[in-house]
Amino acid sequence: VKPLTTFSDLHGNWRYDTVLATAEIGLEPHNLNDESHDVRWVHWQEVTQLDLHPSFAKTWPQIETLVIQLVN
């Protein structure tokens, strides 16, 4: 995995960090933890079709802007 940028969603004394990265084809997600209900690869244009965590759904438009900048 090659990290490209990080989006931080600040909430006072805590935050969500979304890391945007590239990965080689065939890389399988792993290392689930108690905060992960589902881990899988999804094309970025299909993200809004998923049942997203409300906080992530709220910030997705900002993250999507970063993705578009990275793919262009």
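This is a predicted model: local features need pLDDT of at least 70, side-chain atom pairs count only at pLDDT 80 or more; totals for chains, interfaces and linings use all residues.
Helices (H or I, at least four residues) and strands (E, at least two) are DSSP runs, numbered from the N terminus. Residues are numbered from 1 along each chain as its sequence is written, and side-chain values use heavy atoms, with hydrogens and water left out.

I begin with the largest pocket. A pocket here is an open set of points on a 1 Å grid over the protein atoms alone, with protein on both sides within 12 Å along at least five of seven lines; lining residues have an atom within 4 Å of a point. The space in the largest pocket comes to about 1900 Å³, a volume being the space filled by probe spheres set on the points, which are joined across faces, edges and corners.

Which residues lie nearest its centre? They are Thr-18, Val-19, Val-39, Arg-40 and Phe-56, out of 44 lining residues. Strand 1, strand 2 (14-22) and helix 1 each supply at least two residues of this lining, and helix 1 gives the most, with eight. By class, the lining holds 25 nonpolar, 12 polar and seven charged residues. For these classes, Ala, Val, Leu, Ile, Met, Phe, Trp, Tyr, Cys and Pro count as nonpolar, Asp, Glu, Lys and Arg as charged, and the others, Gly among them, as polar.

The whole structure has two. Arg-40 pairs with Asp-38 at 2.7 Å, N to O. Asp-17 pairs with Arg-15, their closest N and O atoms being 2.9 Å apart.

Next, strand 1. Is its residue Asp-9 buried or exposed? Asp-9, found in strand 1, counts as buried because its relative accessibility is 12%, where buried means under 20%, exposed over 50% and partly exposed in between (1.4 Å probe, protein chains only). Asp-9 and Ile-63 are 54 residues apart in sequence, yet 9.9 Å apart in space, C-alpha to C-alpha.

Leu-4 also lies in strand 1 (residues 2-11) and, at 39% relative accessible area, is partly exposed. Together with Ile-68, Leu-70 and Val-71, Leu-4 makes a nonpolar surface patch of about 310 Å². Helix 1 (residues 54-71) gives the most to that patch, with three residues. Patches are made of residues with over 30% relative accessible area and no salt bridge; like charges are joined within 9 Å, and nonpolar side chains (Val, Leu, Ile, Met, Phe, Trp, Tyr) within 5 Å. Accessible areas come from the Shrake-Rupley method with a 1.4 Å probe; for residues, only the protein chains shown count as cover.

Technical notes: A salt bridge is a side-chain nitrogen of Lys or Arg within 4 Å of a carboxyl oxygen of Asp or Glu. On a 1 Å grid over the protein atoms alone, a cavity is a set of points where a 1.4 Å probe fits but cannot get out, and a pocket is an open set with protein on both sides within 12 Å along at least five of seven lines; lining residues have an atom within 4 Å of a point.
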